[in-house]
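Hello,

Here is the structure I promised to pass on.

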Amino acid sequence: MSFASPAPLILTLALDTDSQAYFDELRRQHFPAKINYLAAHVTLFHHLPGRTRRG
């Protein structure tokens, strides 16, 4: 018997002011200017495994 997997977790983290400035600067230096219209951000994707059957 198999169980359906739960939906994945998708989290976007807030950064402190100094970290935001640091990552925004890195993004400005290394990301194409014509498509760089978002502030730097951290997004985590995690998919928890489905329940396992024991016994």
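**What I found**

Leu 9 counts as partly exposed because its relative accessibility is 43% (partly exposed lies between buried, under 20% relative accessible area, and exposed, over 50%, with a 1.4 Å probe and protein chains only). This is a predicted model, in which local features need pLDDT of at least 70 and side-chain atom pairs count only at pLDDT 80 or more, while totals for chains, interfaces and linings use all residues. Residues are numbered from 1 along each chain as its sequence is written, and side-chain values use heavy atoms, with hydrogens and water left out.

Leu 9 sits in strand E1 (strands are DSSP runs of E with at least two residues, helices are runs of H or I with at least four, both numbered from the N terminus). Together with Leu 11, Leu 13 and Leu 44, Leu 9 makes a nonpolar surface patch of about 340 Å². Patch members have over 30% relative accessible area and no salt bridge; nonpolar side chains (Val, Leu, Ile, Met, Phe, Trp, Tyr) are joined within 5 Å, like charges within 9 Å. Areas come from the Shrake-Rupley method with a 1.4 Å probe, and for residues only the protein chains shown count as cover. Strand E1 (residues 9-13) gives the patch its largest share, three residues.

Now to the charged side chains. The whole structure has one salt bridge (a side-chain nitrogen of Lys or Arg within 4 Å of a carboxyl oxygen of Asp or Glu). Glu 25 and Arg 28 form it, with their closest N and O atoms 2.5 Å apart. The two are three residues apart in helix H1, so about one helical turn separates them. Glu 25 is partly exposed at 32% relative accessible area, and Arg 28 is exposed at 53%.

Arg 27 is buried yet has no salt bridge.

Overall, the protein chain follows the pattern β-α-β.

Best wishes

Terms used
Lys and Arg count as positive and Asp and Glu as negative; His and the chain ends are not counted.
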